[in-house]
Amino acid sequence: MEAKKNILDYIRAKGKVDLRQDYDKPEIKKTYSKPELKQNYFEDFAADFLMKIKSESDENNSQIIDKQTNKQTNKQTKIIFLKPVFWISSIAASIIVIFGINYFLNDNTKLSEISESEILAYVEENSDDFTAEEIQSQIEESVKKKNFKEIDTTKSQLNNKKEGLNEKSIQENQIPQASFNELLDSFSEEDLYLYLNSDEVDLEDLEIL
Amino acid sequence: MEIEKNDDFALVNLFQQDNSRADYVFSTLMKRHNEILYWHIRRITRNHEETNDILQNVWMKVWRNLNEFKQESSFYTWIYRISRNETINFLEKEKKFRSVEMDEAYIEILAGHETLQNFSADEISEKLQAAIETLPEKQALVFQLKFFEDLKYSEISAKLNTSEGALKANYHHAVKKIQDFLYLQLNLFQS
């Protein structure tokens, strides 16, 4: 059967590549029947490729250097943070700031209040507007008001306390009528008779009752 | 240290150990494999510009991952795998919008085979490429190096770090599978 013949015997590759490694001996190169390539294509290709990877690796190296520099900067920052001097000084600074703020606020509050010297200065400046009697009467009135208020509050406190005590004593001395009756009902005549005849009962006590 | 330019293993080791010579070592590796890798890709894309782009991507991946390459396979097997995946991914992405001028077929059909005479070189070339795609990686690689690049077994052995006997077996299996594939495909196509 013809098809069973070795088909590959009837198929031939067009060109052959010279694969010998002696590139320095061009006379042993074969003539190609393959598509023609630019002269020195393979040499140029290799040169271009190596240039490309070199520039790429240079870029990579510069990126690595950048990364390392960043790392070093980070390291330095970390070292500064790790030093106790940093923490101590930062704490001291924050304390100073807090005190400063407090002092400033207090100072401002004092300004908002009227100091004794200021009142005196004011009175001195405007002393013509006030007569001695007026001032005295004002003082007396204010003193009275103050005292009255104090007395009033003390009185009312005392009253409240007294009322509280009275209520308490009344509550303590009161015996509920219902429970007393129940107690009497629970005694039989015989029990009472025995009780009266016993030595424990004092006739005087009974009289008082 | 003297660099053994024909020893991928030594070059890769040097690349991984001596960063200062990485550029030089890499350029040596490129010089050794760039051309053959280019034609591997171009046979699939059949377009120079696309091949150029894919080849750039392939070498970029090699450059970025060479330090992690453990040399469990040969260096060439590794870069061939990368180029194959990169080419398939590229074509998959470009499939819908692809409008490039295609190269002529990379094969010639010789007289004497009746079935083959009914097909154009382009058609056979496509079928052949599809057949190669079905092969295991090693077989595909050996087949391409032998069939398209016409390398001697000794040369392939040096490239792939595999004994000549194993390469012959790989090639034999590859030819058998491709033959069956083409036979099936061409007959189906005819019917």
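Analyst: Helices (H or I, at least four residues) and strands (E, at least two) are DSSP runs, numbered from the N terminus. This is a predicted model, in which local features need pLDDT of at least 70 and side-chain atom pairs count only at pLDDT 80 or more, while totals for chains, interfaces and linings use all residues. Residues are numbered from 1 along each chain as its sequence is written, and chains are lettered from A and ligands numbered from 1 in the order in which they are written.

User: How many helices and strands are in the secondary structure of chain A?

Analyst: From the N terminus on, the elements of chain A run β-α-α-α-α-α-α-α. The count for chain A is seven helices and one strand.

User: What pattern does chain B follow along the sequence?

Analyst: Chain B has nine helices and one strand. Read along the sequence, the pattern of chain B is α-α-α-α-β-α-α-α-α-α.

User: What percentage of the residues in chain B is buried?

Analyst: A residue is buried if 20 or more other C-beta atoms (placed from the backbone) lie within 10 Å of its own, exposed if 12 or fewer, and partly exposed in between. In chain A, 2% of the 209 residues count as buried. For the 191 residues in chain B, the buried share is 37%.

User: Which element gives the most to the side of chain A that touches chain B?

Analyst: Two residues are in contact if their C-beta atoms, placed from the backbone, lie within 7 Å. The contact takes 23 residues from chain A and 39 residues from chain B. On the side of chain A, the elements that give two or more residues are strand E1 (11-13) and helix H1 (41-82). The most, seven residues, comes from H1(A).

User: Which residues is A:Ala46 in contact with, leaving aside its neighbours within four places in sequence?

Analyst: A:Ala46 sits in helix H1 of chain A. It counts as partly exposed because it has 19 C-beta neighbours inside 10 Å. Neighbours within four places in sequence aside, the contacts of A:Ala46 are B:Ser27, B:Met30, B:Lys31 and B:Asn34.

User: Are H1(B) and H2(B) roughly parallel or roughly antiparallel to each other?

Analyst: Axes are lines fitted to C-alpha atoms, for helices over the stretch in contact, and angles run from 0 to 180 degrees between N-to-C directions. Angles under 35 degrees count as roughly parallel, over 145 as roughly antiparallel, 65 to 115 as roughly perpendicular and the rest as oblique. Helix H1 (residues 8-17) and helix H2 (residues 22-45) of chain B pack at about 155°, with axes 9 Å apart. H1(B) and H2(B) are therefore roughly antiparallel.

User: Is the crossing of H3(B) and H4(B) left-handed or right-handed?

Analyst: The axes of helix H3 (residues 48-65) and helix H4 (residues 75-94) of chain B come within 9 Å and cross at roughly 130°, so H3(B) and H4(B) are oblique to each other. B:Ile54 and B:Val58 are among the residues of H3(B) that meet residues of H4(B), including B:Ile79 and B:Phe90. A crossing is left-handed if the near helix is turned anticlockwise from the far one by less than a right angle, and right-handed if clockwise. The crossing of H3(B) and H4(B) is right-handed.

User: Which exposed residues does the face of H4(B) turned away from its buried side carry?

Analyst: The buried residues of H4(B) are B:Phe75, B:Tyr76, B:Ile79, B:Tyr80, B:Ser83, B:Glu86, B:Thr87 and B:Phe90. They cover an arc (of the directions from the helix axis to the C-beta atoms) of only 135°, which puts them on the same side of H4(B). What covers them includes H1, H2, H3, helix H7 (137-147) and H8 of chain B. The face of H4(B) turned away carries B:Asn85, B:Asn89 and B:Glu92.

User: Within what arc do the buried residues of H6(B) fall?

Analyst: The buried residues of H6(B) are B:Ile124, B:Ser125, B:Lys127, B:Leu128, B:Ala131 and B:Ile132. They line one face of the helix because, seen down the axis of H6(B), they fall within an arc of 165°.

User: In which loop is B:Gln71 found?

Analyst: B:Gln71 is not a glycine, although it has a positive phi of about 60°. With 13 C-beta neighbours inside 10 Å, B:Gln71 counts as partly exposed. B:Gln71 is found in the loop between H3 and H4 of chain B.
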